[in-house]
Amino acid sequence: MTSPASDPPPLSGRSFAVLRELMVERQIVARGIRDPLVLAAMRKVPREVFLPESKRDLAYEDAPVPIAAEQTMSQPYIVALMAEALLLQGGDNVLEVGAGSGYAAAVLGEIAGHVTTVERIAALADAAAAKLAELGYRNIDLQQGDGTRGWPQAAPYDAIVVAAAGPQVPESLKAQLKIGGRLVMPVGADQHAQELVRLTRLGPADFTREHLDDVRFVPLLGAEGWPSPEPAGRSARDGR
Ligand code: SAH
């Protein structure tokens, strides 16, 4: 059967590999990302797999891509920028807040020894967990719940990354960082414009704070984030 001439042919796995390489060169390397661990991970993870079929042709665009529940998969450059800012050595213990599609968790999972990622929306958590399992990421533990409280069971962390923007850095997350650990998060009182900051824990109550970039993220909703309009996940529905 032939399709009408106006329909572009569906992208094959090989075409996605070509687009992925172009994305790394034009969006990541060209903008100054140099960490070889981050570049190798960005070259490896199939970003298209984390999108619904109908959105896969947007996978390597230089933009965030809408997923379900009014959330987005972050722009490739932002994923790389945040991963590089974590100063991972390889083999690290990492916490991500806001799993979303699961894509950034997979990038981190390529580098780290273990990744715990928390997602508040149950439907996204389920879909991301299924994708990560399908791709064989055994070192990524996906939890559904309010990540503003962190995940004390796997703490302390070498690195914590928050993929949604809050009014300030949650105290629970600061408390779950190792001494010497790094936390990267968008912070700001304005829900439409934030600054990406890196905190480094120098001692029990001693943190340095650096400005990395101006960014725009979806809101971090939860006990130590913005107040949430309604319960989002299974835990609230089940009363757990
Ligand atoms: N890293 C993701 C980007 C996700 S966008 C990716 O690669 O696709 C941010 C995500 O944070 C959304 O899915 C949103 O539901 C989630 N989120 C917001 N507040 C949260 C909270 N308190 N705990 C966990 N996840 C949260």
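Which ring does the charged end of Arg31 sit over? In this predicted model, where local features need pLDDT of at least 70, side-chain atom pairs count only at pLDDT 80 or more, and totals for chains, interfaces and linings use all residues, that ring belongs to Tyr77, with the charged end 5.2 Å from its centre. Residues are numbered from 1 along each chain as its sequence is written, and side-chain values use heavy atoms, leaving out hydrogens and water. A charge sits over a ring if NZ of Lys or CZ of Arg is within 6 Å of the ring centre and within 35 degrees of the ring normal. Lys174 does likewise with Phe207, lying over its face at 4.9 Å from the ring centre.

Then there are the ring pairs: 2 aromatic pairs turn up in the structure (Phe, Tyr or Trp rings, the six-membered one for Trp, with centres within 6.5 Å; stacked if the planes are under 30 degrees apart, edge-to-face if over 60, tilted otherwise). Phe16 and Tyr60 make a tilted one, at 6.2 Å centre to centre and 50 degrees between the planes. Phe16 belongs to helix 1 (residues 13-29), while Tyr60 comes 44 residues away, in the loop between helix 2 (36-44) and strand 1 (65-66). Helices (H or I, at least four residues) and strands (E, at least two) are DSSP runs numbered from the N terminus.

Phe50 and Tyr103 pair edge-to-face, 6.0 Å centre to centre with 70 degrees between the planes. Phe50 lies in the loop between helix 2 and strand 1 and Tyr103 in helix 4 (residues 103-111), so this pair ties together parts 53 residues apart in sequence. Both Phe50 and Tyr103 are buried.

Conventions: Buried < 20%, exposed > 50% of the residue type's maximum accessible area, 1.4 Å probe, protein only.
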